[in-house]
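Try each task yourself before you read its solution.

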Amino acid sequence: ENGYELARHAATSIILTQTDIHDIHIFCYEFLPSSTDPLAKVGREHGVNVHFETIDDHTVRDIGVVGRMPRPAYLKFEAVDRVFKLYDRVLYVDHDILFFDRISIDRMDLGDLPIGAVYDIAEVGGITDPLFLDNCRENGLSEHYFNSGFMLFDSSKWCSKSKELYIQLMKDHQSSCGYKKSCGTNDQCSFNRLFKNNWKRLPLNFNMQGCAKFTERWAYASVRHYQGVSKFLPVRPWRNDQRDIRLLRRIRDALGYNDPRYQQLSLFPLNALRKKLEAIRANKAIAKVELMSSEAASD
């Protein structure tokens, strides 16, 4: 429930920018928004059905929460499993993602693979742990590791029977992680183990993660993923660029908010100067990831 305001904005950004979305399912853990929620109205105005549904799974309640990871993060598999029979494709996104441009989900070529996703830039690029790739090689794991905040599934290849394995992988993760010495991303590591190297590499532009926030790639990304403690709300002039502010103003107008503060100028360029070293490190990580992606595609 604490993250619902972010989810409402994320869903509205999808409705306003994507023309091939038919339904949006907001899965809610231990709460449920009102049927008169303004998000439902935005959906109706744009021909998108918005469904509010509670979600839980007794099988994950026995799994201990890792670090600060919230319990709902363990329910991603369950969320997809609930709806895959209704659609040809299912796109799962975290609640801290904003869509700026159309990405044509219906036209993405997944080949014969069950899932399309985007590399985790900070992990594979060595920002979070410089030894990440070494750990993968040492433990016999694939170095091609994706971020679980944006996953596109081919429903014809979804297998509900994989749930038992997924749960077991999360339980195994409680004792150790082969990817990182200190790990708080139980669900993400489990999804990567589940799909191993059996996933379509989608452009980084479809899930440009927060570690790249002060790079040029962030400035033009079609989809931004605001990982970490600082999200896109509340708006802060040093944290949100003008592109953020324009989109958020459009979202909040659609939702019926009246916020004069969303007319403010952004101090983001000045902050970007201060964060220049972070941008250089992120650009190196992006270059490493894209080289790995191109080499994998040529194999």
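**Exercise 1.** Work out whether Lys 196 is buried or exposed, and describe its backbone and its place in the chain.

*Solution.* This is a predicted model, so we read computed values from it. Step one: the relative accessible area of Lys 196 is 59%. Step two: exposed means over 50%, so Lys 196 counts as exposed. Step three: check the backbone, where Lys 196 shows a positive phi of about 45 degrees, even though it is not a glycine. Step four: find the spot, which is the loop between helix H7 (186-195) and strand S7 (200-201).

**Exercise 2.** Which residues of H6 are buried, and why do they end up on the same side?

*Solution.* First, list the buried ones: Lys 163, Tyr 166, Ile 167, Leu 169, Met 170 and His 173. Next, look around the axis: these residues cover an arc of only 160 degrees, so they lie on the same side of H6. Finally, see what they pack against: helix H3 (76-83) and H7.

**Exercise 3.** What kind of peptide bond joins Leu 233 and Pro 234?

*Solution.* Check omega: it's about -5 degrees, and the bond is cis. Then locate Pro 234, in the loop between strand S9 (223-225) and helix H9 (242-255).

Methods
Residues numbered from 1 in each chain as written. Predicted model: local features only at pLDDT ≥ 70, side-chain atom pairs only at ≥ 80, totals over all residues. Heavy atoms only, no water. Helix = DSSP H or I, 4+ residues; strand = E, 2+ residues; numbered from the N terminus. Buried < 20%, exposed > 50% of the residue type's maximum accessible area, 1.4 Å probe, protein only. Arc of directions from axis to C-beta. Contact = heavy atoms within 4.5 Å.
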